[in-house]
Amino acid sequence: MTKTTGAPARQEVAVAFDRVSKTYGNVHAVDRLSLTLHPGETVALLGPNGAGKSTTLDLLLGLRQPDSGTVQVFGTGPREAIVAGRVGAMLQSGGLMDEVTVAELVTLACALHPRPHPVSDVLARAGVTPIADRKVNKLSGGQEQRVRFALATAGDSDLIVLDEPTTGMDVTARQAFWATMRDQADQGRTVLFATHYLEEADAIADRVLVLHRGRLLADGTAAEIKAKAGARRVSFDLEGAIDEPALRALPFLTALTVSGQTVRMQSTDADATVHALYGLGLYPRNLEVAGLGLEQAFVALTAAEEAKQS
Amino acid sequence: MNSLIRLELVRALRNRKFLFFSVIYPSVLFLLIAGSADDTTKVDGTGLTLPTYMMVSMASFGALTAVLMGNSERIAKERENGWVRQLRLTTLPGRGYVLAKTAGAAVVSLPSIVVVFAVAATVKNVRLDAWQWLALTGAIWVGSLVFAALGVALGYLASGDAVRPITMIVYFGLSILGGLWMPTTTFPQWLQDMAKWVPTHAYAALGQSIEQSQAPHARDIVVLAVFFALFTGGAAWLYRKDTLKA
Ligand SMILES: Nc1ncnc2c1ncn2[C@@H]1O[C@H](COP(=O)(O)OP(=O)(O)O)[C@@H](O)[C@H]1O
Ligand SMILES: [Mg+2]
């Protein structure tokens, strides 16, 4: 299999959102979102339920129109990009035509693509060759996801968009599916997928966009996201009056709460922070330094944002 | 687009229940209604024997079943389960889906018309000129597009549990009021006056005028044209509304 596009694709921008907003009634599903994706990137759109991931992808695919702002895909509108066969997508709520077989449906998807792959290749890559003759309405949740993945990858598209692709899969199926996704990225395609599993973002993406209430909270590698959220938790007790502004000025600090005599903070470099703490002439008791899992890092990020807003 | 049409056809032909209802059922109903009638009873004011008259009614009914019943429910379901959205992520033009559905229905409606004719000709000795058979088939087949448009409109209008009862009411209403099950001449006068404006009545009247070797009534043509415009306009409007809300 050859690489998708030649050198020119390198220079152009795959996806550009410019201050895009979308509201449903009084819910700001997407709120002045700006982002740029470059060809070849594998990007996770990470956020809890209701963060606006699906709405963002719907806007990207032209299934919904933004209230304000502009969405460009390979320098054109979403619909033009789709008609040009540059985008393949798998929706969170993408149903299938029933009473037809998996092979028939994939054949249709290939026929509708301007640069289709051979049907047998598409089936094989999506891992649905063994169920090619089954009716699509007789599949398990995970098998159905794979069929939808096959539809998204029926042709030589430059951008693959997947909305929570591993929903309904158990752990082994999920890990097998990650390999399928990586395979697409390895062919030089831009892959954008929404997920609320941090380990999924960590396992596949080389860039993670954290979305919360329609706004971009963080943008970086999974490691950077963890760092930004405060990778370590530091807690200790202090005696006497606590000088909060002084504590807040400590290096590498990302979060601070004081309750009574107990101080809890998060730091991207706990060693340096604790060192500076002693430097203030303070004598912390019951000092504890603990690692922050990715899950906790994510909770910390979103909590910090909530605190900022209220 | 051809690939989607092809797949819709394969699926329509695979659905035994649907095939039975639209292809076999009208012929069975024809035999039930016209079976005991002798070949000489005339339907009031038409000069046609009951079997001849009912043959057109049942062929029209079969075509109506094929284009109305299959599509409205399918479209509503596929709108809800997201298949329509998935198709919007392909190069298929917006109207392609509706055209494929209509084509799928048209392919089922043709055999349902032909089977009624065959049964009427062999079992009830209905005899017409060759041009009449051809004209009848063409008129009933093309006329069914009016109701195909209605089926599409209903599919975009109603959703979930509502679509089946609504389609049923429309289907039975059109069949009975249009005189597809029994000649409208058996209706009380006030109902006959009303039935003249029902599109299915105009639809069957078209076929009956061919059997009488007469030019079709201008009123029937106008009624069908107006309803066709109304149904396609409604379907297009509902389709756009649905697309905006995604
Ligand atoms: N069609 C809709 N009508 C009204 N509110 C909606 C609609 N779709 C999504 N929302 C709301 O917009 C917000 C973002 O939803 P969504 O984009 O589906 O988030 P996610 O995919 O991250 O779970 C949520 O608060 C959700 O309830
Ligand atoms: Mg979602």
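Start by selecting the two domains of chain A: their C-alpha centres lie 42 Å apart. Domain 1 covers residues 15–227 and domain 2 covers residues 231–291 of chain A; bounds of this kind come from an automatic or database domain assignment.

Before moving on, a word on what is on screen. This is a predicted model, in which local features need pLDDT of at least 70 and side-chain atom pairs count only at pLDDT 80 or more, while totals for chains, interfaces and linings use all residues. Residues are numbered from 1 along each chain as its sequence is written, chains are lettered from A and ligands numbered from 1 in the order in which they are written, and side-chain values use heavy atoms, with hydrogens and water left out.

**Stop 1: colour by confidence**

Colour both chains by pLDDT, the predictor's confidence in each residue, from 0 to 100. Chain A averages 88, with 91% of its residues scoring at least 70. Now pick residues 1–10 of chain A, where the pLDDT is below 50; beyond near neighbours in sequence, this stretch has 18 contacts in the model (contact means heavy atoms within 4.5 Å). Chain B has a mean pLDDT of 88, and 99% of its residues reach 70 or more. For the model as a whole, the scores are ipTM 0.83 and pTM 0.81.

**Stop 2: the interface**

Show chain A and chain B together. The contact takes 29 residues from chain A and 27 residues from chain B. Between them the chains bury about 2,500 Å², 54% of it on carbon and sulfur atoms; buried area is the accessible area (1.4 Å probe) that two parts lose on being put together, summed over both. Select A:Leu63, A:Met97 and A:Leu112 next: in chain A these lose the most area to chain B, together 28% of what that side buries.

Now look for charges. Six salt bridges cross the interface, each a side-chain nitrogen of Lys or Arg within 4 Å of a carboxyl oxygen of Asp or Glu. One to zoom in on joins B:Arg14 to A:Glu104, with the closest N and O atoms 2.6 Å apart. On the side of chain A that touches chain B, α3 (78–83), β5 (87–90) and α4 (102–112) each give two or more residues. Of these, α4(A) gives the most, with five residues. Helices (H or I, at least four residues) and strands (E, at least two) are DSSP runs, numbered from the N terminus.

**Stop 3: a bridge inside chain A**

Select A:Lys22 and A:Asp67, whose side chains meet in a salt bridge (3.8 Å, N to O). A:Lys22 lies in strand β1 (residues 15–24) and A:Asp67 in the loop between α2 (53–60) and β4 (68–73) of chain A, so the pair ties together parts that are 45 residues apart in sequence.

**Stop 4: along chain B**

An unreviewed UniProt entry lists residues 50–236 of chain B as "domain: ABC-2 type transporter transmembrane". UniProt annotations may be inferred rather than shown by experiment; positions are in the numbering used here and feature names are shortened. This span of chain B, residues 50–236, is 79% helix and 0% strand, with its end C-alpha atoms 39 Å apart.

The unreviewed entry also places "transmembrane region" features in chain B, including residues 98–121 and 133–157. Select residues 98–121 of chain B: they are 100% helix and 0% strand, and the end C-alpha atoms are 35 Å apart. Finish on residues 133–157 of chain B, again 100% helix and 0% strand, with end C-alpha atoms 36 Å apart.
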